[in-house]
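Hello,

Here is the structure I said I would pass on. Please look at it first; my notes follow below.

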Amino acid sequence: MGIKYESRIDLAAITAIDMHVHLEVDDCGHKAMPEELFEASAAYFKSTERTPSVDRIAEVYREAKMAAVLFTVDARTALGHAPNSIDDLVAGAARNNDVLIPFGSVDPRTGPEAITEARRQANDLGVRGFKFHPSLQGFDPSSEEFYPLWAALEELGLPCIFHTGQNGMGAGLPGGRGIKLRYSNPLLLDDVAADFPGLVVIMAHPSVPWQDEANSIATHKANVFIDLSGWSPKYFPASLVKLSNNVLSRKVLFGTDYPLITPEKWLGAFAELPLKDEVRPLILKDNAAGLLGLTAQ
């Protein structure tokens with residue numbers, strides 16, 4: 001058995017928890033996606049440092065006095081491309097457990113193997129949640145074909161982040177390289193959240209063009225949250241900003257999508273949003289700390 005992660009995050013020493021950070025390359029130099037998808041997403045987001053190592057990511061967040069949830073995406077079936085090593089990711093997070101929190105990922109289309117692997121990642125490696133990208137992985141999360149996986153994750157008691165809304169992956173390529181946006185409609189997650197009330201569902205990103213649907217689901221269901229990654233806050237839909245100030249103040253979570261968007265740029269734009277002073281720390285740190293089970297040392 002490899003290294004098992006244990007958190008050493010001091011909540012009092014950090015100012016924020018970034019719920020959405022990608023590790024795009026593992027210790028062997030293997031990338032999480034085919035090269036053309038990297039190039040297209042880098043152009044879409046105008047990112048410069050596209051594949052920082054786990055230790056470089058830790059350095060960025062340590063210097064910023066923040067913690068970060070770190071993950072990759074296992075889309076082996078849809079992409080025909082082997083995923084990054086979760087074991088390497090967890091080992092890197094364990095090496096930097098003062099700032100990094102590892103999430104796992106499995107390919108739902110591998111059936112029972114996905115359930116076995118999810119349990120291994122949770123029980124043997126100590127991941128603190130899971131990341132899914134329905135469009136990139138090519139699956140409808142509301143299909144009952146995947147309900148055994150959601151049942152297993154509900155039993156494990158770990159939160160799950162699902163990509164929603166617009167896709168930077170495949171953007172600008174012919175046919176979007178076959179990536180289908182409809183799988184990222186948040187309404188598909190409403191079924192999952194309703195049928196698995198013990199499963200914490202985090203809808204990643206402002207869910208453009210379905211923001212009203214995402215707002216409604218997060219308002220309606222206690223087990224559904226929204227992370228604010230993937231967009232500069234200056235481009236957030238007005239409805240999301242308005243509700244974040246009141247009924248969703250405890251349901252929204254700071255997230256950047258680093259390395260596609262840097263914490264510095266995101267926070268600079270966030271400071272300009274018309275949010276109440278008492279809401280900002282909830283979004284930046286407190287809501288995430290509760291979801292992740294982090295407590296003051």
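A polar atom in the side chain of N223 lies 3.4 Å from the backbone oxygen of F196. The model is predicted, so local features need pLDDT of at least 70 and side-chain atom pairs count only at pLDDT 80 or more, while totals for chains, interfaces and linings use all residues. Residues are numbered from 1 along each chain as its sequence is written, and side-chain values use heavy atoms, with hydrogens and water left out.

N223 sits in the loop between α9 (211-220) and β7 (224-227); helices (H or I, at least four residues) and strands (E, at least two) are DSSP runs, numbered from the N terminus. N223 counts as buried because its relative accessibility is 10%, buried being under 20% relative accessible area with a 1.4 Å probe, protein chains only. Apart from neighbours within four places in sequence, N223 contacts (heavy atoms within 4.5 Å) A193, F196, P197, L199, V200 and V201.

The loop between β2 (66-71) and α3 (76-79) holds D74. With 6% relative accessibility, D74 is also buried. Neighbours within four places in sequence aside, D74 is in contact with P83, S105, V106, D107 and Q137.

As for helices, the axes (lines fitted to C-alpha atoms over the stretch in contact, with angles from 0 to 180 degrees between N-to-C directions) of α4 (residues 86-95) and α5 (residues 112-125) come within 12 Å and cross at roughly 25°. The two are therefore roughly parallel, a label for angles under 35 degrees. I86, D87 and V90 of α4 meet R120, Q121 and L125 of α5.

Regards

Note on methods: Parallel < 35°, antiparallel > 145°, perpendicular 65-115°, else oblique. Buried < 20%, exposed > 50% of the residue type's maximum accessible area, 1.4 Å probe, protein only. Polar contact = N/O pair within 3.5 Å; in protein donor to acceptor, adjacent residues only side chain to side chain.
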